[in-house]
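Me: I have a structure to read and I am new to this. Can you take me through its features, one at a time?

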Amino acid sequence: MKKKVLMLTLIAGTLLISSCASKKELLNCQTENKELSSNYQDSKEQLAAAKARVVSLEDQLSQQKRDYASLQGSLDKSLTNANSNNINISKLVDQINESNLYIRHLVEVKSKSDSLNLVLTNNLTRSLSKDEMKEVDVQVLKGVVYISLADNMLYKSGSYEINDRAAETLSKIAKIIMDYKDYDVLIEGNTDNVAVNPTAPSMKNIRNNWDLSALRASSVVQYLQGHYGVDPKRLTAGGRGEFNPIATNDTEIGKQRNRRTQIIITPKLDQFMDLIDKAPEDK
């Protein structure tokens with residue numbers, strides 16, 4: 001009898017230890033799975049950035065090849081007609097070399113700009129919450145970063161005054177703007193085609209959608225300057241009224257998409273003017 005009791009006790013202890021070990025292994029597996037999922041997401045983002053970089057470099061290489069072929073054709077033609085036209089081949093070669101240096105310089109500048117824009121966009125999107133991403137659209141088009149925000153997340157209803165909800169999102173955008181000091185920022189207001197109601201208290205002295213869009217852009221500019229210390233010399237406020245729609249105004253969803261404010265981040269214009277000044281001159 002005692003032996004039977006002892007055996008039952010040993011069996012129960014073994015099952016208990018096995019159960020504890022299984023739970024521990026399960027917890028370890030769950031922790032490892034979370035780490036693997038996080039690493040997988042980071043790898044996907046890095047791969048997407050790398051692919052975008054490869055596409056950019058391929059485009060640049062193709063353009064360089066076309067430019068080189070054109071310049072080589074000019075040289076070949078000049079060599080063929082050298083005797084009859086008395087062309088200074090040495091001078092032409094120097095001009096081609098200068099042009100090649102300038103082209104390489106432009107490619108390097110564009111590559112640097114594309115890389116910065118990609119990093120800027122990734123930093124911004126990763127800082128936004130899932131709820132914010134539903135109402136914030138971030139795109140890079142032709143070297144320019146566009147951040148589009150819905151009007152209901154920025155302004156009080158039927159007004160151009162910034163609401164409390166906008167503070168957190170604008171703080172994240174302001175940090176990006178402050179980190180990239182070589183970029184200028186244009187705040188652009190847009191509306192749907194519904195005429196403003198001048199009798200509404202919030203619309204006092206507002207004549208039309210031109211006024212409303214410009215005032216909304218100005219509110220964002222002043223908020224970035226006053227609350228986050230963004231240099232006002234880098235900021236520009238502009239309104240486009242109802243005349244830059246991205247969807248039809250025949251539906252409520254379309255009107256909602258058109259009521260937006262865009263924050264447009266671009267390299268400073270004087271940097272491009274410097275590049276133009278450095279272009280090789282014809283001699």
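Reply: Start with contact: it means heavy atoms within 4.5 Å. This is a predicted model, where local features need pLDDT of at least 70 and side-chain atom pairs count only at pLDDT 80 or more, while totals for chains, interfaces and linings use all residues. Residues are numbered from 1 along each chain as its sequence is written, and side-chain values use heavy atoms, with hydrogens and water left out.

Me: Which residues does Asn258 touch, not counting residues up to four places away in sequence?

Reply: Asn258 touches Asn190, Thr191, Asp192, Pro245, Ile246, Ala247, Thr248 and Asn249. One of these, Asn249, also makes a polar contact of 2.9 Å with Asn258, side chain to side chain. A polar contact is a pair of N or O atoms within 3.5 Å; within protein, one must be able to donate a hydrogen and the other to accept it, and residues adjacent in sequence count only if both atoms are side-chain atoms.

Me: Is Asn258 buried or exposed?

Reply: Buried means under 20% relative accessible area, exposed over 50%, partly exposed in between (1.4 Å probe, protein chains only). Asn258 has a relative accessible area of 0%, so Asn258 is buried.

Me: How do I read the sheet? In what order do the five strands stand?

Reply: Strands of a sheet pair through backbone hydrogen bonds, either parallel or antiparallel. Strands (E, at least two residues) and helices (H or I, at least four) are DSSP runs, numbered from the N terminus. Two strands pair if DSSP finds at least two bridges between them. Here the order is E1-E2-E5-E3-E4, in an open sheet with mixed pairing. Strands E1 (136-141) and E4 (235-239) stand at the edges; each has a single partner strand, so one side of each lacks a neighbour in the sheet.

Me: In what sense do E3 and E4 pair?

Reply: Strand E3 (residues 183-190) pairs with E4 in the parallel sense, over five bridges. Glu188 stands opposite Gly238 in E4.

Me: Which strands does helix H6 lie across?

Reply: For angles, axes are lines fitted to C-alpha atoms, for helices over the stretch in contact; angles run from 0 to 180 degrees between N-to-C directions. H6 lies across E3, E4 and E5, and runs at about 160° to E4.

Me: Where is Ala217 found?

Reply: Ala217 is in helix H6 (residues 209-228). Ala217 is buried, with a relative accessible area of 0%. Leaving aside neighbours within four places in sequence, the contacts of Ala217 include Glu188 and Gly238.
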